[in-house]
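Have the coordinates open as you read.

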Amino acid sequence: MSSKEKPTLGGQRIKTRKRNIAAPLDPASFSDAIVQIYLDNAGDLELVAKSIESSDLNFSRYGDTFFEVVFIGGRTQPGTIKPEEEGERHPYSVLDCAAQREAILPSVLYIQKTLRRRPFLIKNLENVMRKFLQSLEFFEENERKKLAIFTALAFSQKLSGLPPETVFQPLLKDNLVSKGIVLSFITEFFKEYLKENTLDDLIALLKKGKMEDNLLEFFPSAKRTSEALSEHFTKEGLTSLVEYNEKKMFEVKLKEIKLTLTTMINEEAEISEVTEAVKQQVKDAKFPDIEVVRMLWDVLMEAVQWSGKNQQQNSNSALRQVKAWAGLLNAFCTSGRLELELIYKVQTQCYEDAKLMKLFPEIIRTLYDQDVLAEDTILLWQSFVKALEPFVKWLEEAEEEE
């Protein structure tokens, strides 16, 4: 077929495809319009929200500019957080507020209302917050505090769709951390957030931001120790966070020691070698001796090759394990108190584990024969059991009567 244009009837117009002509970018005019709305309503955010809602401004194109006006009162210079020298500004921004919850909360609620009407703006909020948080060093100390309070309130009020990683990850820039700016910011954030939320809420938030195991990363490298963390947050009145971190560190160290012990047991290392390795890790981790005894028993039983439902074979395997590693238990059960702890640990596992239900007397006898448990310790434990006999008898008789 010919590619030439076909003849048409007289008077008929040839339709041509219209081109989409992009409107020129003009963030300055948009910024001035938003600023004027603030000024016209004297910063009353309820009235500002209504005026913005009824406007035909292009928020989809100038979302970043909108949030710059919200935070600092005007447009920023491209690529910086410095206010644009030209253009209008208003004095009702987040950074113009007092560094107090009561002053900043209305701005959070105002943004929340705006996001409900225009949910696509959440990406613009992310962009602006990321830019500001990465540039904290260029803000005054009081301004950083206001940003921290705003951020805490944003999460506390569950600001629509704001992802925690948007906040926490930009803070980990080396220059910000090394100057202590991040630690100061995150401390204010924690203090504000915990006023209305639980520690569990905060940990869940940190987890979403991939920071629950990395609190020390907020500290300058020279202060990146558990002791420094405890001292700092205790001084700031955040003792619940200190307790959480200590528990977390305990779990990490416990896991490391268990891994070392399990590996050496599976490799059938010499007891003396295993003992020294565990002692060194326990010393480095400042591990409580009672926890060491509990951990040793757990790992030894977990390393047993259990045999399905064959009760006799399971019993023999457990007793062989106890006998084989009695020297290790003996090295750490260095007092009557620790020996009693081991008896209690064995008793609990025999009660909870069907494989060991009837094995308690034999395990205790093996531990005694291997010099792990002293006669006095066993007799002391027995005295408590015996003291309960009248009460147990009364319970049994009462049950029969019922």
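The lining of the largest cavity is made up of 6 nonpolar residues and 1 polar one, with no charged residues. Keep in mind that this is a predicted model. The residues in question are Phe71, Met129, Phe132, Leu133, Leu147, Phe150 and Thr151. Helix H5 (122–134) and helix H6 (141–156) are the elements that give two or more residues to that lining. How big is the largest cavity? Its volume is about 40 Å³. The count of cavities of 30 Å³ or more comes to 1.

Phe71, one of the lining residues, turns up again in a polar contact: its backbone oxygen sits 3.3 Å from a polar atom of the Ser93 side chain. Where does Ser93 itself sit? You'll find Ser93 in the loop between helix H3 (63–72) and helix H4 (101–117). Despite that loop position, Ser93 counts as buried, because its relative accessibility is 0%.

Another serine, Ser184, belongs to helix H9 (residues 181–193). Its relative accessibility is 36%, so Ser184 counts as partly exposed.

Now for the cysteines. How many disulfides does the structure hold? The number is 0. Why is Cys333 not bonded to another cysteine? The closest cysteine sulfur to that of Cys333 belongs to Cys350 and is 15 Å away, which is too far for a bond. A disulfide here needs the two sulfur atoms within 2.5 Å. Seen from the other end, Cys350 is in no disulfide either, and its nearest cysteine sulfur is that of Cys333. Cys333 counts as buried because its relative accessibility is 5%, and Cys350 counts as buried too, at 3%.

Here are the accessibility values side by side:

| Residue | Relative accessibility | Class |
|---|---|---|
| Ser93 | 0% | buried |
| Ser184 | 36% | partly exposed |
| Cys333 | 5% | buried |
| Cys350 | 3% | buried |

Finally, zoom out to the whole chain. Which domains does the assignment give? It gives domain 1 (27–236) and domain 2 (247–400). The C-alpha centres of domain 1 and domain 2 lie 53 Å apart.

Note on methods. Residues are numbered from 1 along each chain as its sequence is written. This is a predicted model: local features need pLDDT of at least 70, side-chain atom pairs count only at pLDDT 80 or more; totals for chains, interfaces and linings use all residues. Side-chain values use heavy atoms; hydrogens and water are left out. Buried means under 20% relative accessible area, exposed over 50%, partly exposed in between (1.4 Å probe, protein chains only). Domain bounds come from an automatic or database domain assignment. On a 1 Å grid over the protein atoms alone, a cavity is a set of points where a 1.4 Å probe fits but cannot get out, and a pocket is an open set with protein on both sides within 12 Å along at least five of seven lines; lining residues have an atom within 4 Å of a point. Grid points are joined across faces, edges and corners, and a volume is the space filled by probe spheres set on the points. Helices (H or I, at least four residues) and strands (E, at least two) are DSSP runs, numbered from the N terminus. Ala, Val, Leu, Ile, Met, Phe, Trp, Tyr, Cys and Pro count as nonpolar, Asp, Glu, Lys and Arg as charged, and the others, Gly among them, as polar. A polar contact is a pair of N or O atoms within 3.5 Å; within protein, one must be able to donate a hydrogen and the other to accept it, and residues adjacent in sequence count only if both atoms are side-chain atoms.
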